[in-house]
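Please open the structure in your viewer and keep the selection tool at hand. The tour has two stops.

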Amino acid sequence: MSSILSSLGQTVLNIEARAKWQAPSNIALIKYWGKIGPQIPANPSLSLTLSRSLSETTLLCTPSDKMEVSFEFEGKNHPKFAQKMEQFLVGLSAEWAFLKKIKYNIISKNTFPHSAGIASSASGMAAFCLCLLDIIYQMNNLPKDELFYIRASHLSRLGSGSACRSIYGGLVEWGQSPLDQSYSDTHATPVKMAIHPEFSHLQDAILIVSSEEKPISSREGHGRMGVHPYSSVRFSQAKSNFEQLLKGLKIGDWSIVGPIIESEALSLHAMMMTSPEPYILLKPKTLELIQLIKHFREESQLPVYFTIDAGPNLHVIYPESVKAKVQTFLENEARPLVEAIIFDEEGHGPQVC
Ligand code: DP6
């Protein structure tokens, strides 16, 4: 844990405390894939925070002799989630010993169907970390200022890398870059430069191809990048894509932004397919949808591009100006191929409830 968190001190919880937060999911346009040590990204990434795909979490902390964690997810006890959170809390307690003397009751739900193929780990971890930090702030009588969000992002990163970007709304970056000295490896930062209005309220239609659980977790995938023969080339490509993407976002040029978004998705999956223990998360329908989007783009001449995270589902990215046309197209042409479509868009970031 770094000084930004340890400087919060060693308070003891002596009364029951409660916090409730809603945190959004995010979709990476430049992918974080590969890490060094304790969740330090191998390259800078950039994501769009969503507005409708959210996790809502309540955390109840009670003083106790020992650490105990229960996790109720969508009305049901979830021992696996409880165990994951306990592991995370045990890790944090190396620095924050007071965490060992608390009973944690976590109650969480998603506004999108569970396992519907959207990574809920980012929103879920961000919502939990906001609650935990909120309680630590209550214990220390601190105001929830700018530093609160930096710390929440830092804490979320330790739980799950991509979660650190869910602490802010809009376009969010994470990872050191020569473009801006304030961009950090340890927490995310909202993109500071002026974004062209063309990209000011991006849309994301999520085409759910499969809601099955992934055979290989992202954590495992990141691990395999450590021994990947192409990893250093991939990290250089991501750095260069990151810089080009920011340029494109600034000048409002889809002919720069669109191809980079698609190349990032395909590179991510190419890494999986070429890793020493290769695997494929894409499904035949994913490829069918990619062709469909490309064909539609050529025919309509509209700026409609796809990206994909570590799964088979397609995120269709387009500007607000073409929302109605794209939605009609997806309803007619994509709907028969998918389990569900979630029409999402840029969101404002987490909210205290
Ligand atoms: C493909 O953040 O889920 O979505 O840090 O191990 O929890 P951990 O991994 P995670 O990886 C996300 C990978 C990605 C790309 C991205 O969101 O940047």
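Select the ligand and the residues around it: in this predicted model, 17 residues surround the ligand. The closest are Tyr32, Lys35, Ser160, Gly161 and Ser162. By type, the shell around the ligand splits into five nonpolar, seven polar and five charged residues. Now color the shell by helix. Helix H5, residues 218–225, gives the most to this shell, with three residues.

Next, display distances from the oxygen atoms of the ligand. At Asp309, a polar side-chain atom lies 3.4 Å from an oxygen of the ligand. How much of the ligand does the protein bury? Taken alone, the ligand exposes 460 Å², and the protein buries 94% of that.

Move on to helix H8, residues 284–300. Pick its end C-alpha atoms: they are 24 Å apart, which agrees with the 24 Å that 17 residues should span at 1.5 Å a residue.

Within H8, select Thr286, Leu289, Ile290, Ile293, Phe296 and Arg297, which are buried. These residues cover an arc of only 130 degrees around the axis, so they sit on the same side of H8. An α-helix has 3.6 residues a turn, so residues three or four places apart point the same way.

Finally, turn to the face of H8 directed away from its buried side. Select Pro284, Gln291, Glu298 and Glu299 there; these residues are exposed.

How values were computed
Residues numbered from 1 in each chain as written. Predicted model: local features only at pLDDT ≥ 70, side-chain atom pairs only at ≥ 80, totals over all residues. Heavy atoms only, no water. Near = heavy atom within 4 Å. Polar contact = N/O pair within 3.5 Å; in protein donor to acceptor, adjacent residues only side chain to side chain. Areas by Shrake-Rupley, 256 points an atom, 1.4 Å probe, with all protein chains shown as cover. Helix = DSSP H or I, 4+ residues; strand = E, 2+ residues; numbered from the N terminus. Nonpolar A, V, L, I, M, F, W, Y, C, P; charged D, E, K, R; others polar. Expected span 1.5 Å × (residues − 1). Buried < 20%, exposed > 50% of the residue type's maximum accessible area, 1.4 Å probe, protein only. Arc of directions from axis to C-beta.
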